[in-house]
Amino acid sequence: MLVLALTISNVTAQVVVDATSTVYTGVNVTTLTVPHTTGTAANRLLLVGVSDRENAGLTVTYDGDPLEEYGHQVSSTNARTHIFYMVNPPSGTFNVVVTATSNNFDKGCIVGVMTFSGGDQNTPLNTYTSLYGSSTNPTLNNIPTATNELVYNVVALSKTDLTGVGTGQTSRWNIASGDDMRGGGSTKPGPGTTTSMSWTSASGDWSMSAVSIKPVAIADLSVNLAV
C-alpha cells in the first residue's frame, strides 16, 4: 500500500531593503519633502525616521496618504527621534512630506525614508524600543527581534558629529543638518533574540529609536511517499 503524506509548515521570508532616500534642512523650516521611489516587490513596508530637536507634533504623508507614528523619544529638549510607517505603499515615485505641526525645525532636521520587501502585512513591526542620554557613543540595548527580522534604528544627536555605527550594522544615512542637529539611520539582521544598536560620537545630547521588521510567513509544502 502506498501512503502519501502532505506536510505543511510555516516558514518566513527574508526582509530585504528596497530603497533609501534622505533630505535635511537647517533652521526655521516647517515642511520637508523627500522624493522616494518604491519598487514592485511583494509585501512592501515604508519606514520614515526623523531626527530633530524638540517638535512634539509631526505629520508624515506619502503620496498624500498619512503614515502612522510607531514611537518617538526625546532627550531633554535637544534631540528627538521619530519612526513612522506605512504597510503596502504604492509602487512608483512619490513625495514623503514631513510637517512640524507645533513648532518649526528651529535647529535643523534630518529625514530618512526606506522601503522594504518581504515584510509581514498584518503585524509588520516588533516592539518599539527607545532611549536617550548625554554621553559618547549612543547605544540602545535589549531591542526585541527574531530570526529573519531586520532591525531598524534612527538616532538624533545635538552639536556633535556621528562618526560610525556599531558592529553588524549597515549605515543607511549619516547627515549633519547645517545647524545643531545630526541624524542617522541603520539596519542590522536580527540575531533571533534581543540585540543592541549603537553609533560612535563624542559626547552630546542624543535620542535613539529602534524597531525590528517582521518577515511575512509563507507555507512550506512537502509530500512524503511511503510503501
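Trainee: What should I know before I start?

Mentor: The model is predicted: local features need pLDDT of at least 70, side-chain atom pairs count only at pLDDT 80 or more, and totals for chains, interfaces and linings use all residues. Residues are numbered from 1 along each chain as its sequence is written, and side-chain values use heavy atoms, with hydrogens and water left out.

Trainee: How many helices and strands are there in the protein chain?

Mentor: Helices (H or I, at least four residues) and strands (E, at least two) are DSSP runs, numbered from the N terminus. Here the protein chain has zero helices and 19 strands.

Trainee: How do I read burial, and what share of the residues is buried?

Mentor: Buried means under 20% relative accessible area, exposed over 50%, and partly exposed in between (1.4 Å probe, protein chains only). Of the 227 residues in the protein chain, 48% are buried. Take strand E8 (residues 79-87): eight of its nine residues are buried.

Trainee: Which strands pair with E8?

Mentor: Two strands pair if DSSP finds at least two bridges between them. E4 pairs with E8 in the antiparallel sense over eight bridges. Within that pairing, Leu46 stands opposite Met86. Strand E7 (residues 68-75) also runs antiparallel to E8, joined by seven bridges. There, Ser75 stands opposite Ala79. E7 and E8 form a hairpin with three residues between them. Look at Ser76 in the turn: its phi is positive, about 50 degrees.

Trainee: What is the strand order in the open sheet of five strands?

Mentor: The order is E11-E18-E13-E16-E15, with antiparallel pairing. Strand E11 (129-135) and strand E15 (170-176) are the edges, each pairing on one side only. Neighbouring strands of this sheet are turned by 15 degrees against each other on average, direction ignored. That angle comes from axes, which are lines fitted to C-alpha atoms, for helices over the stretch in contact; angles run from 0 to 180 degrees between N-to-C directions. Ala156 has Ser207 in E18 as its bridge partner.

Trainee: Now charges. How many salt bridges does the structure hold?

Mentor: Side chains of opposite charge can pair when their charged atoms come close. A salt bridge is a side-chain nitrogen of Lys or Arg within 4 Å of a carboxyl oxygen of Asp or Glu. The structure holds three.

Trainee: Where does Asp106 sit, and where is Arg53?

Mentor: Asp106 and Arg53 form a salt bridge, with the closest N and O atoms 3.3 Å apart. Asp106 is in the loop between strand E9 (92-100) and strand E10 (109-117), and Arg53 is in the loop between E4 and strand E5 (58-62). They are 53 residues apart. Both are buried.

Trainee: Are Lys214 and Glu149 buried or partly exposed?

Mentor: Their side chains meet in a salt bridge at 3.5 Å, N to O. The two residues are 65 residues apart. Lys214 is partly exposed, at 23% relative accessible area. Glu149 is buried, at 4%.

Trainee: What does the pair Asp161 and Arg182 tie together?

Mentor: The closest N and O atoms of this salt bridge are 2.8 Å apart. Asp161 lies in the loop between E13 and strand E14 (162-165) and Arg182 in strand E16 (residues 181-189), so the pair ties together parts 21 residues apart in sequence. Asp161 is partly exposed at 43% relative accessible area. Arg182, at 15%, counts as buried.

Trainee: What surrounds a buried Asp52 that has no salt bridge?

Mentor: For charge, Lys and Arg count as positive and Asp and Glu as negative; His and the chain ends are not counted. Asp52 is in strand E4 (residues 45-52). The nearest side chain of opposite charge, Arg80, is 4.9 Å away. Contact in general means heavy atoms within 4.5 Å. Not counting residues up to four places away in sequence, Asp52 touches several residues, among them Phe105, Cys109 and Met181.
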